[in-house]
Amino acid sequence: MGAIRMRNLALGIALAALSGGCSIWRPPVVIKVVRTINNAETVSSEDYERLREVTEEAIEHIKSVDPNIRPQLTLSSRKNFIDEITKQTRSGFGPDLLITDSDTALELYQQNLVDPMEISAEDRADTPRFLFDLVTASNGQLVGRPVNQFVQLACFNKERLKSPPQTLQEMEQESGDNNFGMALQLKDLYWSAESFDAGEAMEAALAKLPADADRQANVTRWLRWLKNASYQQNIRFLNDQRHLRDALVAGDLDWITCWSSSLRELREKMGDKLVLAQLPKGPSKRRKATTKLQVWSLGRNSSPKQRQKALVMIDFITKPWAQKTYALAGRSSLPVNRKAAKIVAAKIPGGAEALAMYGEQSMKGKASQGRSKARVFRDPERYEAISNALLDTIYDVSSPEQSSQKILKSLRESN
């Protein structure tokens, strides 16, 4: 009897302690996070350490908010990303969070690899509507939460090039003395299309508007410029951004188009020699910022606890404080939150131009234009049709006139 009373007394003391406010130990919840890096590139050890350092800083802050979260970060190239996530998800070991661009997030949703999410009107209020449009599927489901934007810029070596070309015409004139490089990818060349207002013609074709000679002429002028540029001795088209960056660092190129997501790497390798500038202006009356939207999406294999913790992480990273802090720390992206973006825009390369879009594209009719551009990029058939037309033009297989007709016809006839 004495032993039983002692056991009951011990149990009573334990229950009293718990009811008196002592914390209950809970096992940590592991959240598998996959983050992509630039398209068509493999993950090098330098890439891994560089991106892990930036991402893990945010992860440590998240753990201070919720100590039970245990994020596990993996980096992946976009080259085989969809196939990798498909295999992981089908085996039941898919990620809980995916950090990627808006186009990839939409493709993941089409392949049934991410779950849609609901965002309250209050949480949407400080993010421009057109950014949500870029990550909304055709059925109206939101497939990811916008977090930040990377801006396309010009990067050059100030020891080789005293001042960057302000116009496309200047680039051609200066190519006799300096080496300029661009990536032979539609996403990387779209800025030049918009500098000829060719993007408006593609958007009109997607909307199935009647053919317009002036709009088609803009596309032809753009393609003619690309063809002429390919004839220039010191204007080179390389396969992708990785080759451009390597050539700039090695001194084989003096000027390249670049994305702000790569600035950390270039700063480390080039130091004070690296200078940033706006991309050259074309015949278009106004310069337009070209950006890539990064979003966080929800994987399908999460348990209820993992899903709840994943949503805690998304909520944290989209708060104005977090948006401002990590944008200023990396100096390579513009927050989607208006309040944070206004604070850091002047300190982010290309930030002022990108911030201007927050107002312009939120006006009536502007959001649909940004959405049309996303439709071109995320549809494999459309993207391939335009890409092939670009290659045919540059390699003299087709004339600029023939290629412009092919591009607009393929867009107009698409579903």
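**Cysteines and cores in a predicted model**

The accessible surface of the chain in this predicted model comes to about 20000 Å², and 50% of that belongs to carbon and sulfur atoms.

Reader: What makes Cys 155 and Cys 258 a disulfide?

Author: Their sulfur atoms sit 2.0 Å apart. The cut-off is within 2.5 Å, so the pair counts as a disulfide. The structure holds 1 disulfide.

Reader: Why is the disulfide of Cys 155 and Cys 258 called right-handed?

Author: Look at the torsion about the S-S bond: it is about 75 degrees, so the disulfide is right-handed.

Reader: How do you know that the pair links distant parts of the chain?

Author: Cys 155 is in strand E5 (residues 145-157), while Cys 258 is in strand E8 (residues 255-259). That puts the two cysteines 103 residues apart.

Reader: Are Cys 155 and Cys 258 buried or exposed?

Author: Cys 155 is buried, and Cys 258 is buried too. Buried means under 20% relative accessible area. Of the chain's 415 residues, 51% count as buried.

Reader: Which residues have the most contacts inside the largest nonpolar core?

Author: Leu 97, Leu 108, Cys 155, Trp 296 and Met 313, in a core of 70 residues. Helix H13 (residues 304-317) gives the largest share of this core, 5 residues. Apart from it lies another core, of 38 residues, including Trp 225 and Trp 255.

Reader: What does Leu 108 touch, not counting residues up to four places away in sequence?

Author: Its partners are Phe 81, Ile 82, Ile 85, Leu 98, Thr 100, Leu 113 and Val 114.

Notes. Residues numbered from 1 in each chain as written. Predicted model: local features only at pLDDT ≥ 70, side-chain atom pairs only at ≥ 80, totals over all residues. Heavy atoms only, no water. Helix = DSSP H or I, 4+ residues; strand = E, 2+ residues; numbered from the N terminus. Buried < 20%, exposed > 50% of the residue type's maximum accessible area, 1.4 Å probe, protein only. Core = buried A, V, L, I, M, F, W, Y, C linked by side-chain atoms within 4.5 Å. Contact = heavy atoms within 4.5 Å. Areas by Shrake-Rupley, 256 points an atom, 1.4 Å probe, with all protein chains shown as cover.
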